[in-house]
Amino acid sequence: MSTSSSSSSSDSGSKNSDVELQDQKKNEKKNKKKKKQQGLHREDNHHSPYEGNLAVKLDKYFEISKRGSSFKREIYGGIAMFLASIYILNVHPQVLGIANVPASGTRMVTALLSGLGTISMGIFTGIPILISNGMGQNYFYALTICTSNGYEWNTASSLVFIQGIIIVAISWGFLRIKFLSSIPPMFRIGIGFGIALFIGTLGISSMFNNPVTSEPELHFRLLLAVLCLVLITALILRNKIYVFILAPILTSIVSQIIRAAMGDFEMEKWGVSGMGETVFKINFKWKTSALWLIPVMSINQLFDAVCTTLTVIQFAFLDKIQFDEKRFMALITTSKTSKLQRVIMLTGLWSSISGAFGNSQMVPFIESIVGGSVGARTGLSSVVTGLCFLLSMFIYPLFALIPSEATAPLMVYTTALVIEMITHVDFTDLNTIIPIVISTITMPLMSSILLGIALGYATLILLWVVGPDKKYKEIKWPMMIVFALSVIGIVFELRD
């Protein structure tokens, strides 16, 4: 009897304690809800230094003060990213014009999708990164798909549409993590350095030549570009990051005055038109070559998206690009919805939409690190960049007055900052150095990020196989798949 009574009393006691715990949890939820309604609740215990409901919400969502940034830095970083990438609105229609794509429609679609895509990047990834139609991708579209394989532009866009869906599917699967782990850390740093150096090379070359015809142009542009670079650097060194955009503006004014004096000034027409010529005009009449073109396009976009994103993340999130592999990997692989996964998914999604709109592939732009160079650390800067692209749809003639001699210095300045990345590579390891050198030199010479990465990666695997250090034992099946894809990419890039 005593045992049963004691057990029953213990049961009743446990029930009472359970009821008390439930009541306590309910009270905690009520108090939590009240604090949240009063604007006092902070899940991360981080108190915003800003006042005003909207400012506090933006600060909390984008983690602006938590990441050591400010609204001014993010706004100026966003403007800097736009200035560094505005050339795409002029050059992209010229490249796709080789495939007879209507230029006015291409420019409007590029501005619209770059704006919306970049805003989505900022909101859903929290990374200061922009997305637009890549230079390597538009040449592949116009020359390889259309010129070499004989496709019409609307059929080429249908390939882009399908390929984008494939990238979205890959982003959700385990292949994303396997793909990431197959890129050795030191090689990844070297690739980021190579891409940044490629951007600096493009910046320098654009001061001399027309980006489409490669014909020499006015040489006063070089002097203006150098002066603009000196002014930008001087202002940033003096902590005047909020006025550095005056340098490109002043350079643009001086450049247009000189052009007018030389009779070379021309104002483009105003208005939003031409989108109807390309939107939803895609054609699914494919040839047998499409069975090879779609995988190659997917490889191109995946390599570009991953390596560019890793470079931007490393530049924006790690102080002075101090290489910390554990911290770095935690930013991109801690969950199924990591930053890298979201970037890849959105890249595929917007590429598919771009194809439906009669355009080429969209990729993250390495020019994004220009924003990081002036202090941008959050996705708010991407939102600012996206809004600038949307604004350009309506006042493009004004933006068209900003010449390359005013924007190229931003690309060169960014390259100067990223040079530090290469110091984290072990220079005594030729198994890594040789592939990095091949990639870094190939990218600017062949104007192809895909070819540079593919050649470097293929060389890396071959050195591991034939080298005396028996590093072939470290080669896993994902690395062999990436090696095979690299070889396919090399064949298609060099076959013409």
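1. Basis of the model. The structure is a prediction, in which local features need pLDDT of at least 70 and side-chain atom pairs count only at pLDDT 80 or more, while totals for chains, interfaces and linings use all residues. Residues are numbered from 1 along each chain as its sequence is written, and side-chain values use heavy atoms, with hydrogens and water left out.

2. Overall composition. The protein chain contains 20 helices and 2 strands; these are DSSP runs numbered from the N terminus, helices being H or I of at least four residues and strands E of at least two. Of its 496 residues, 52% count as buried, a term that means under 20% relative accessible area, with exposed over 50% and partly exposed in between (1.4 Å probe, protein chains only). Among contacts between residues at least 6 apart in sequence, 80% join residues at least 24 apart, where contact means heavy atoms within 4.5 Å.

3. Helices α10 and α11. Two packed helices are described by the angle between their axes and the distance between the axes. The axes of α10 (residues 220-237) and α11 (residues 246-261) come within 9 Å and cross at roughly 160°. Axes are lines fitted to C-alpha atoms, for helices over the stretch in contact, and angles run from 0 to 180 degrees between N-to-C directions. The two helices are therefore roughly antiparallel to each other; angles over 145 degrees count as such, under 35 as roughly parallel, 65 to 115 as roughly perpendicular and the rest as oblique. The crossing is right-handed, meaning that the near helix is turned clockwise from the far one by less than a right angle. Residues of α10 in this contact include Leu-224 and Leu-231, and those of α11 include Val-254 and Ile-258. By class, the contact has 10 nonpolar, 2 polar and 2 charged residues. Here Ala, Val, Leu, Ile, Met, Phe, Trp, Tyr, Cys and Pro count as nonpolar, Asp, Glu, Lys and Arg as charged, and the others, Gly among them, as polar.

4. Helices α10 and α17. The axes of α10 and α17 (residues 404-418) come within 8 Å and cross at roughly 50°. That angle makes α10 oblique to α17. This crossing is right-handed. Among the residues that meet are Ala-225 and Ile-236 in α10, and Pro-409 and Tyr-413 in α17. The contact of α10 with α17 has 12 nonpolar, 2 polar and 2 charged residues.

5. His-92. This residue is in helix α4 (residues 88-96) and is buried, with a relative accessible area of 0%. Its side chain is joined to that of Asn-138 by a polar contact of 3.1 Å, that is, a pair of N or O atoms within 3.5 Å; within protein, one must be able to donate a hydrogen and the other to accept it, and residues adjacent in sequence count only if both atoms are side-chain atoms. Leaving aside neighbours within four places in sequence, the contacts of His-92 include Thr-106, Asn-133 and Ser-360.

6. Thr-440. Helix α18 (residues 430-446) holds Thr-440, which counts as buried at 9% relative accessibility. A polar atom of the Thr-440 side chain lies 2.7 Å from the backbone oxygen of Ile-436. Beyond neighbours within four places in sequence, Thr-440 is in contact with Gly-190, Phe-193, Gly-194 and Leu-197.

7. Val-296. Found in helix α12 (residues 290-317), Val-296 is buried, with a relative accessible area of 1%. Val-296 and Val-491 are 195 residues apart in sequence and 9.8 Å apart in space, C-alpha to C-alpha.
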